[in-house]
Amino acid sequence: MDLKQAGSSLDSLISSFNTRIAELQELVIARNMYPASSVTDLSAIDAALKGMELQVKAIKDRLHEETEAIPKAKKLIAKSLRQQKKLQSLSVYAPSYLPERTATLNLDSDRGLVPEACKQQPNQSTMVVEPAAIPKEKKSRGSPLLWYITAGELDSLSSYMRGRLTLEKVNAAINDMATYAEANAQLIAAPKKKLAENQWERSLELRDIATTESIKGKHFFLETDMKGPSLKLDNTGKAILTVLRHLGRISETRMGHHRVIILLKPQ
């Protein structure tokens with residue numbers, strides 16, 4: 001039985017050797033049939049392989065650069081998120097609508113108010129600063145500051161007082177009030193020769209109000225100035241004044257037949 005197994009294994013080994021020899025003979029014949037073309041094919045394969053190796057190396061270098069840039073990108077993202085939080089916290093103080101603050105005095109076109117602070121002298125290319133003709137008590141009065149309210153202040157009010165008012169509406173009204181007050185300040189400071197007759201009369205009236213002890217040195221506007229775009233003399237405008245008076249942004253007084261609203265710095 002052992003002899004039969006040994007003979008079978010030997011026959012299998014011989015058959016395997018014969019198969020391998022036949023394959024080698026076929027390979028030798030195939031190589032000798034086209035010797036020149038085989039060398040060219042091998043050269044082309046070698047060139048292709050070298051090109052692929054260069055591409056792989058470039059990809060590895062690029063991946064290395066990207067890997068090194070990841071920590072920097074993470075730091076930049078973290079800084080951007082911190083900046084975004086700061087901007088979001090600041091955005092609650094500003095209304096969604098901020099018109100350009102330009103105080104219009106509605107003067108006659110041929111007798112408009114010309115700022116005295118900046119005039120260009122003849123034969124000079126630079127602007128010369130000249131003092132404006134401002135009464136002594138008005139020299140310290142600059143442009144009114146915008147003391148916007150916060151979401152927390154608005155939420156602290158009772159629902160009855162707050163009504164349908166939003167943070168954007170109230171802060172837009174604050175912007176309008178500053179515009180009214182600045183227009184009045186410019187009209188008070190304007191010399192008579194720069195004003196039309198009706199404007200001069202209004203300027204004298206505003207000067208009388210501005211020299212009152214309780215108003216002197218403060219920014220103010222009249223109830224009749226409330227003509228928009230955000231603050232008007234309607235129910236919403238009256239509700240906004242009530243809210244701002246409660247929050248310490250304004251105070252009110254009467255001067256003759258005028259209702260005067262005074263801008264205040266929040267305490």
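This is a predicted model: local features need pLDDT of at least 70, side-chain atom pairs count only at pLDDT 80 or more; totals for chains, interfaces and linings use all residues.
The side chain of Asp225 meets that of Arg202 in a salt bridge, 2.8 Å from N to O. Asp225 sits in the loop between β3 and α7, while Arg202 belongs to helix α6, so the pair ties together parts 23 residues apart in sequence. Arg202 itself, at 23% relative accessibility, counts as partly exposed.

Side chains of opposite charge can pair when their charged atoms come close.

| Pair | N to O distance |
|---|---|
| Asp225 and Arg202 | 2.8 Å |
| Arg249 and Glu153 | 2.8 Å |
| Arg62 and Glu65 | 3.4 Å |

Take Arg249 and Glu153 next. They link distant parts of the chain, 96 residues apart: Arg249 is in the loop between α7 (235-246) and β4, and Glu153 is in helix α3 (residues 151-156). Arg249 counts as buried at 6% relative accessibility, whereas Glu153, at 22%, counts as partly exposed.

Glu65 has 44% relative accessibility and counts as partly exposed.

Now for the sheet. It is open, built from 3 strands in the order β3-β5-β4, with antiparallel pairing. β3 (220-222) and β4 (250-255) are the edge strands, each pairing on one side only. On average, neighbouring strands are turned by 30 degrees against each other, direction ignored. Helix α5 (residues 167-189) packs on this sheet and touches β3, β4 and β5, with its direction at about 95 degrees to that of β3. Helix α6 (residues 197-210) also lies across β3, β4 and β5, but runs at about 130 degrees to β3.

How many bridges join β4 to β5? There are 6, and β5 (residues 258-263) runs antiparallel to β4. Glu252, for one, has Ile261 in β5 as its bridge partner.

Glu252 turns up among the charged contacts too. Salt bridges with shared partners join Glu252 with Glu223, Arg245 and Arg259 into one network.

Conventions. Residues are numbered from 1 along each chain as its sequence is written. Side-chain values use heavy atoms; hydrogens and water are left out. Two strands pair if DSSP finds at least two bridges between them. Helices (H or I, at least four residues) and strands (E, at least two) are DSSP runs, numbered from the N terminus. Axes are lines fitted to C-alpha atoms, for helices over the stretch in contact, and angles run from 0 to 180 degrees between N-to-C directions. Contact means heavy atoms within 4.5 Å. A salt bridge is a side-chain nitrogen of Lys or Arg within 4 Å of a carboxyl oxygen of Asp or Glu. Buried means under 20% relative accessible area, exposed over 50%, partly exposed in between (1.4 Å probe, protein chains only).
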